[in-house]
Amino acid sequence: MGASSWPSAEEVDNVRNVVAKMSGRDHRDVKFVVSPYRICPLGAHIDHQGGIVTAMTINMGIILGFIPTDDGLVFLHSKQFQGDVTFSVNEEQISKETHQEPGWAHYARGALYALQKRGYHLSKGIIGYICGSEEHSSGLSSSAAVGIAYLLALENANDKTISPEDNVELDRVIENEYLNLRNGILDQSAILLSKYGYLTCVDCKIKEHKFVKFAEENKQSRGHMAYKILLAFSGLKDCLTDKNSGYNSRVSECQKAARALLEASDDGKSNPRLCDVNPSLYEAHKAILKPELANRARHYFSENERVIKGIEAWASGNLEVFGKLISESGHSSIYNYECGCEPMKQLYEILLKAPGVFGARFSGAGFRGCCLALVDARCADKAAAYVKEKYRMVQPKLASAIPEDRLVLICEPGGSAHIRENIQS
């Protein structure tokens, strides 16, 4: 399916009709936020340390249909999750302790919190209906896609013009300050800044980005893209929260490694990150690090090198080299960053052996969700069938929890999150 096939006419009509019924308004008044999911081919687990990352969106994601309300009411319903959400934008500064509603509601309140925190006055709310392309979307930054969808809808309803770069910061407030997750800006940047057909590269230390075009002469073969994106789902769906010690503890370990390296050179810093450590300083003092911290630092510096090499490979159209670097990133995530679990590791190994796969790794934090692979477009169907068969053999219970036709998906690149005043079906 091409980038233009999402959202489908059926999805659009369904969202439009639900919002019209919820609001009692004409279906032509319904506006839409299209907020895609993202993948990170290279740059795993280093955005929170100010590293360089790569990303692109895919032709799947979140659709939020909405109609502005003059009284400030926010009333939301979800296709995937139970329970409605109701609050008012006229409330005083929203508290981070108001987590009594369903988990998916935290992002809506978090969007209001972030806008208020940054001094934006809102007087209008929204009546909205939100749905995702996939029930099993963990590992694709569906949470960031949701938060961004709420931000864009509230901004549009209140006639606020906010740049994508500023919305990256607003969504960071949702994730870091409201939800207490210690992640970086990869997810938000990918969803808000990506450009169809390009690799988005973000320097998370200086918060600058650029687009790298895939070499034109290799981009197409007989009118078709040379590659497809394979997503293989593990069946593990636990949400990433501040109580998930696996994610936040690794961020702490990276910072401890940075502090130890800087102190060894008499360059102490408060709240250091590994981006503050010069590679030559790392090489000179890495032997002082305890094994656990040495692994985290080794992943950071080697991943930064893979990103730089990967950008060059992408620009020259060399999918073999680019894919090899993706697989090396996956290996380092397991053995240096030490994330993942048995089903995810099994899925990663299966993908590496699938026909036509250039490279594979975990998608997202690696503690749940899915693995991604870059695959020769001509072999995509065979690769998907191979992964389904092999994963069912090693994890029959988890595989059976996912519908047969959704266990492995074949995707293409997408665009950035945006508002559509009215999508014609």
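Two residues are in contact here when heavy atoms of theirs lie within 4.5 Å. Leaving aside neighbours within four places in sequence, Ser35 is in contact with Trp6, Gly61, Ile62, Ala145, Ile148, Ala149, Ile191 and Ala417. Before going on, keep in mind that this is a predicted model, in which local features need pLDDT of at least 70 and side-chain atom pairs count only at pLDDT 80 or more, while totals for chains, interfaces and linings use all residues. Residues are numbered from 1 along each chain as its sequence is written, and side-chain values use heavy atoms, with hydrogens and water left out.

Back to Ser35, which lies in strand E1 (residues 31–39). Helices (H or I, at least four residues) and strands (E, at least two) are DSSP runs, numbered from the N terminus. Is Ser35 buried or exposed? Its relative accessible area is 0%, so Ser35 is buried; the word means under 20% relative accessible area, with exposed being over 50% and partly exposed in between (1.4 Å probe, protein chains only). A polar atom of the Ser35 side chain also sits 2.9 Å from the backbone oxygen of Ala145.

Follow the chain past E1 and you come to His45, in the loop between E1 and strand E2 (52–69). Phi of His45 is near 65°, a positive value in a residue other than glycine. His45 counts as buried, at 8% relative accessibility. Asp159 has a positive phi too, near 55°, and is also not a glycine. You'll find Asp159 in the loop between helix H3 (142–157) and H4, and this residue is exposed, with a relative accessible area of 65%.

Now for the rings. Rings of Phe, Tyr and Trp (its six-membered ring) pair if their centres lie within 6.5 Å; planes under 30 degrees apart count as stacked, over 60 as edge-to-face and the rest as tilted. By this rule there are nine aromatic pairs. One of them joins Tyr113 and Tyr178, a tilted pair at 5.3 Å centre to centre with 40° between the planes. Tyr113 belongs to helix H2 (residues 106–117) and Tyr178 to helix H4 (residues 164–178), so the pair ties together parts that are 65 residues apart in sequence. Tyr113 is buried at 7% relative accessible area, and Tyr178 is buried at 1%. Tyr348 and Phe362 make an edge-to-face pair, 6.2 Å centre to centre and 65° between the planes. This pair links distant parts of the chain, with Tyr348 in helix H11 and Phe362 in strand E11, 14 residues apart. Tyr348 is buried at 3% relative accessibility, and Phe362 is buried with a relative accessible area of 2%.

Phe214, Tyr227, Trp314 and Phe322 form one aromatic cluster. At the start of H10, a side-chain oxygen of Asn318 comes to within 3.3 Å of the backbone nitrogen of Glu320. The buried residues of H10 include Leu319, Phe322, Leu325, Ile326 and Gly330. As for partners, the buried residues of H10 pack against several elements, among them strand E6 (198–203), helix H9 (291–315) and strand E12 (370–376).

Gly330 has a counterpart to look for: Ser363 is 33 residues away in sequence and 9.2 Å away in space, C-alpha to C-alpha. Ser363 sits in the loop between E11 and E12 and is buried, with a relative accessible area of 1%.

How many disulfides does a search of the whole structure find? The count is zero, taking a disulfide as a pair of cysteine sulfur atoms within 2.5 Å. For Cys371, the closest cysteine sulfur is in Cys370, 7.0 Å away, which is too far for a bond. Cys371 is buried at 0% relative accessible area, and Cys254 is buried at 2%.

Methods
A polar contact is a pair of N or O atoms within 3.5 Å; within protein, one must be able to donate a hydrogen and the other to accept it, and residues adjacent in sequence count only if both atoms are side-chain atoms.
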